[in-house]
Amino acid sequence: MKVIDIINKAEKTVFSFELLPPLKGNDVSKIYHTIESLIEFNPKYINITTHRDETEFKEMPDGSIVKRTVRKRPGTVAIAAAIQHKYGIPVVPHILCGGFTKSETEHVLIDLNFLGIKNVLALRGDGAKNQHVFQPEKNGHANANELVEQLKNLGKGKYLDEDLKNNMPLDFCIGVAGYPEKHFEAPNKAQDLIYLKQKVDAGADYIVTQMFFDNKKYYSFVKKCREIGITVPIIPGIKPINLLNQLTVLPKIFSIDIPMELASELGKCKTNNDAAKVGTEWAIYQAKDLIANNAPSLHIYTYGVSDNVKEIVKTVF
């Protein structure tokens, strides 16, 4: 089932969560453990992240430096297909601009269609680690709205090869990202909303937000989206804090604020277990408030940690 249909047919707030493919060389047992610890609470769909190739420089025994390209978390398509067929839960693999050409993207989408996967999250993605600003691949997309346009074209049977005839349409439900506190590269919030509307106008079916810790910012974001004509569902993203260092790491990486009350409680913590308890309690508070205010769905960023997510969904669903 498509995510947009799940949301539109739901009589109350539903939930989803996000998983990372295992690191290269690891198996999928941890992925399955996470799913099986949450499946009794009826998650409606599961997102699977995608990771681009990275460039590394390795010093050899003779002192020379060798450049190599690696992808530390391959397997998004295979993991997504395995989950959907093993558990019968719709999956939402991420599709990136960064690190991929239009042709590579088309091939992945063809594979997903053959596997019966009908949902994707279209993202620009991060730039390469050695780039100060995002640089698309040659013959790749520079922005997520271009990626959405490619997806919508495939939905009409329009492939990159214009000589193809009688093409099978690839009809995907398309999610895109939104930023209640502004994407760190956007010059201001107003321009960031314009970029978001471009993605929706290109054909996105729904928006899922970056994590936030102050629900007022989500409500304000939704209000501003509606004011400029964005009408699609806007799903709040929640990240339960589970490590002490996330108090400083998360704001740095994601350009988000930690509310003073939460920061103060985390500042009292002595161990990661203490921080996880505080983070879980805060996420439960956020979730209850969002449900009371009729959020269409809650999207929980797990990053492979399921115990705190289980406590959250057990408490609020």
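I call a residue buried under 20% relative accessible area, exposed over 50%, and partly exposed in between, using a 1.4 Å probe and protein chains only. Helices (H or I, at least four residues) and strands (E, at least two) are DSSP runs, numbered from the N terminus.

The model is predicted: local features need pLDDT of at least 70, side-chain atom pairs count only at pLDDT 80 or more, and totals for chains, interfaces and linings use all residues. Residues are numbered from 1 along each chain as its sequence is written, and side-chain values use heavy atoms, with hydrogens and water left out.

**Entry: strand β7**

I looked up how well β7 is covered, and found six of its six residues buried. On one side I listed C173, G175 and A177, and on the other I174, V176 and G178; all are buried, and both faces of the strand are covered.

I then checked pairing, which requires that DSSP finds at least two bridges between two strands. Strand β6 (residues 119-123) runs parallel to β7 and is joined to it by four bridges. I noted V120 with its bridge partner I174 in β7.

**Entry: the barrel**

In what order do the eight strands close into a barrel? I read β1-β2-β5-β6-β7-β8-β9-β10, with parallel pairing. From one strand to the next the twist averages 30°; angles run from 0 to 180 degrees between N-to-C directions, and axes are lines fitted to C-alpha atoms, for helices over the stretch in contact.

I also looked at β9 (residues 234-238) with β10 (residues 297-301), a parallel pair over two bridges. There G237 has H299 of β10 as its bridge partner.

**Entry: helix α7**

Helix α7 (residues 215-227) lies across β7 (173-178), β8 (206-211) and β9, and runs at about 155° to β9.

Its neighbour in my next check was α10 (residues 272-292): the two helix axes come within 10 Å and cross at roughly 30°. For the contact (heavy atoms within 4.5 Å) I wrote down N215, Y218 and Y219 from α7, and Q286, D289 and L290 from α10. I sorted these residues into three nonpolar, two polar and one charged. Ala, Val, Leu, Ile, Met, Phe, Trp, Tyr, Cys and Pro count as nonpolar, Asp, Glu, Lys and Arg as charged, and the others, Gly among them, as polar.

**Entry: cysteines**

How many disulfides does the structure hold? I found zero, taking a disulfide as a pair of cysteine sulfur atoms within 2.5 Å. C225 is in no disulfide either, and its nearest cysteine sulfur, that of C173, is 17 Å away. I noted C97 as buried at a relative accessible area of 1%, and C225 as buried at 0%.

**Entry: positive phi**

Most residues other than glycine have a negative phi. I found that N42, not a glycine, has a positive phi of about 65°. N42 sits in the loop between α2 (29-38) and β2 (45-48), and is partly exposed at a relative accessible area of 44%.

N294 also has a positive phi, near 65°. I placed N294 in the loop between α10 and β10. Is N294 buried or exposed? Its relative accessible area is 64%, so I logged N294 as exposed.
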